[in-house]
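The sequence and the model are shown first.

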Amino acid sequence: MLLKKAKAGALLDAIAAKERLFVPADDRGTSRFVAYGAGVEPRFDLLNTKLPPKDLLFPATETLYRWSRDGADLAIDSAFAETDPFTVFGLRPCDMASVDRLDAVFLTKGYVDEFYQAKREAATFVAATCAHPGRACFCDSIAASPHEAPTADVLLEDAGEEWVVTPQTEKGASAVEAWKPYLEEGDAEPIKAACDLKVDMAAVPEKLKGMFDDPIWSDIGDQCLTCGTCTFVCPTCYCFNIDQDVREDEGKRFRCWDSCMFTDYTAMAGGHNPRASKESRVRQRFMHKLTYFNDRYDMNLCVGCGRCMRDCPAAVDISLIIDRIAASEPAQEKEAMAHA
Amino acid sequence: MPKTPIEVSHGCARNNGEPYVPQVCRVIDIQEQTHDVKSFRLQTLDGKRPFACEPGQLGMFSDPPYGECMFAVAGVGEDYCEFIVKNVGFTTNHLHELSVGDEVGLRGPYGNWFPYESAKGRDMLFIGGGIGMPPVRAFLRHCLAHREDYGRIDFVYSASTYDDLVCKDDLFNVWPNEPDTHVHVSVYHAKEGDGWDGAVSYTAPYLEQVFAEEGLSTENACAVLCGGPSLFRTCRESLLKLGFAPEDIVTTLEARMKCGVGKCGRCNVGGVFICLEGPVFTEAELARMPRD
């Protein structure tokens, strides 16, 4: 089945008449997934949006419970609520791969995060492939293919003037069934250019295990401003803080995105901080993305979207860091050389 | 008889509903332990124990409108959970202002626990310093409650001064009267007129001294360690020097925590989360982890 790009507007109107719909669009000087409606111009020509779609499943701030005090008495009410179904239309394969990572974190390893689960189950993901990946894109050598999104409910393969539409899940099949009036029979050849930027990840997770004391961390630490931009624009960074909003005798406790780049992220009462130096925090960020997460969930915590490289004010470039790790000598050899 | 290897379980997380939302509990007892340490007993509003938990597990104690903090559960009774809290920061300062009858939030239990099953039949050497008391106390109390399952029990405990010793009643009146249970207390600094006439020593050298004087053996022993960063480092070294196998040294770690269920990201050591797979690890396991 084919969907003509010129006719996508009518389909979006039809989806939006039934449920909430999120599309990539410009928004107040940036771009992100916004609720489709009057005045929203979808930007399917953007590769990935400046801000990642993770907030659709894991909002930047989310209330966990409300409390109120009356003298010594305390009342606590959970803020958990079911989510109405919604569709995310046009996210890129790298961002779909980031949803796989968030699923692993929030839905496995003993505890299921209900707040995340409710939104995840309500979501239908329609992924659009990238005919011509961008300059900072390197998904095909780290986590995904720009031309596939195996876990998306529906895949839209870019064939120039139209998309080739393929449902990939049951949810996707029933969505496409409802789209029929807007689709055309036929076939087209998807455009499949590869990423220009490549990294060689093969040896990186293992090599990093011997690089805890490598000078690379102080080099990056010197360069990094610890502003946290990389973690907020990253589609896979999921670390959060739990904090509160107080209005006299009542308030709410919420979680909000946090960053391992910040000093107080690990600071303990009494003054001890296991990651007080920039070097140690930078090491944590890259070790987590490229080796710790691999051990725990069997995948990288980087999907090659290039956002952190594009937005870093200090030009910290994860692809160059991976190159440097890949080119480094294994720890034992280094030690042997030092003793020679 | 070959001893059973110490086995610490790390896969014991369980889903207990909404993991971030606390239950309301009432403070039923407060004891002033030292000038800056208080213990609190918490009970549900209908008079029950807030949760069943194993020795070494953690509980998140909150006091709206102030913050919430993770503590090792220091002990459980029929109808309460007990926490020992040192006043070191914003939230703990407010916890110290609580009165009996006040309602607070509590969620948990989180994390794994001490290997009390595989340690059966062993001589137990507990080592604690200052506010490192609560988890050690929970395990020690478990051993005392099942006294016939364990061999000789020694507890080496130190604090900065006599005034800083936590749980003095347990240390001087309760535990020394238990069968084959030996409590050794030192302080780092003796103060004129504080009434202390015992040992004055840092924990690690005092541990080595006690070990020699008491003629202790590592043969069929299990060491359990909890304390601040410098005590932790020096006592780990001492235990290895005394001849303990890394597999026979059990420790409990701490870190800043927010979620308690291995999701929020900050309490990791390498690829493991202290709140979920920890806080209890053997020295052998720590040696394989990055020094994060």
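The structure is a predicted model, in which local features need pLDDT of at least 70 and side-chain atom pairs count only at pLDDT 80 or more, while totals for chains, interfaces and linings use all residues. Residues are numbered from 1 along each chain as its sequence is written, and chains are lettered from A and ligands numbered from 1 in the order in which they are written.

**Domains**

Domain bounds come from an automatic or database domain assignment. In chain A this assignment gives domain 1 (2-53 + 81-182) and domain 2 (204-335). Chain B is divided into domain 1 (23-110) and domain 2 (123-252).

| Domain pair | C-alpha centres apart | Residues from domain 1 | Residues from domain 2 |
|---|---|---|---|
| Chain A, domains 1 and 2 | 27 Å | 21 residues | 18 residues |
| Chain B, domains 1 and 2 | 24 Å | 13 residues | 14 residues |

Residue classes are assigned as follows: Ala, Val, Leu, Ile, Met, Phe, Trp, Tyr, Cys and Pro count as nonpolar, Asp, Glu, Lys and Arg as charged, and the others, Gly among them, as polar. In chain A, the side of domain 1 that touches domain 2 has 15 nonpolar, four polar and two charged residues. In chain B, the side of domain 1 that touches domain 2 holds seven nonpolar residues, five polar and one charged. On that side of domain 1 of chain B, the elements giving two or more residues are β4 (68-72) and β6 (81-86) of chain B. Helices (H or I, at least four residues) and strands (E, at least two) are DSSP runs, numbered from the N terminus.

**Contact between the chains**

Between the chains, 39 residues of chain A are in contact with 37 residues of chain B. On the side of chain A, two or more residues each come from β4 (61-70), β5 (73-78), α2, β10 (240-247) and α8 (278-297) of chain A. The most come from β5(A), with five residues. By class, this side of chain A has 25 nonpolar, seven polar and seven charged residues.

**An open sheet in chain A**

Four strands of chain A form an open antiparallel sheet in the order β5-β4-β11-β10. Because β5 and β10 of chain A stand at the edges with a single partner strand each, one side of each is left without a neighbour in the sheet. Two strands pair if DSSP finds at least two bridges between them; β4(A) and β5(A) pair over six bridges in the antiparallel sense. Within β5(A), A:L74 is the bridge partner of A:R69.

**Two helices of chain A**

Helix α2 (residues 93-107) of chain A has 15 residues. Its buried residues (20 or more other C-beta atoms within 10 Å of their own, with C-beta atoms placed from the backbone) include A:C94, A:M96, A:V99 and A:F106. The buried residues of α2(A) pack against β6 (86-91), α3 (114-122) and β7 (123-128) of chain A. Just after α2(A), A:K109 takes a positive phi of about 65°.

A:A173 lies in helix α4 (residues 170-179) of chain A. A:A173 counts as partly exposed because it has 13 C-beta neighbours inside 10 Å, where exposed would require 12 or fewer. From C-alpha to C-alpha, A:A173 and A:Y116 are 24 Å apart in space, and they are 57 residues apart in sequence.

Note on methods
Contact = placed C-beta atoms within 7 Å. Expected span 1.5 Å × (residues − 1).
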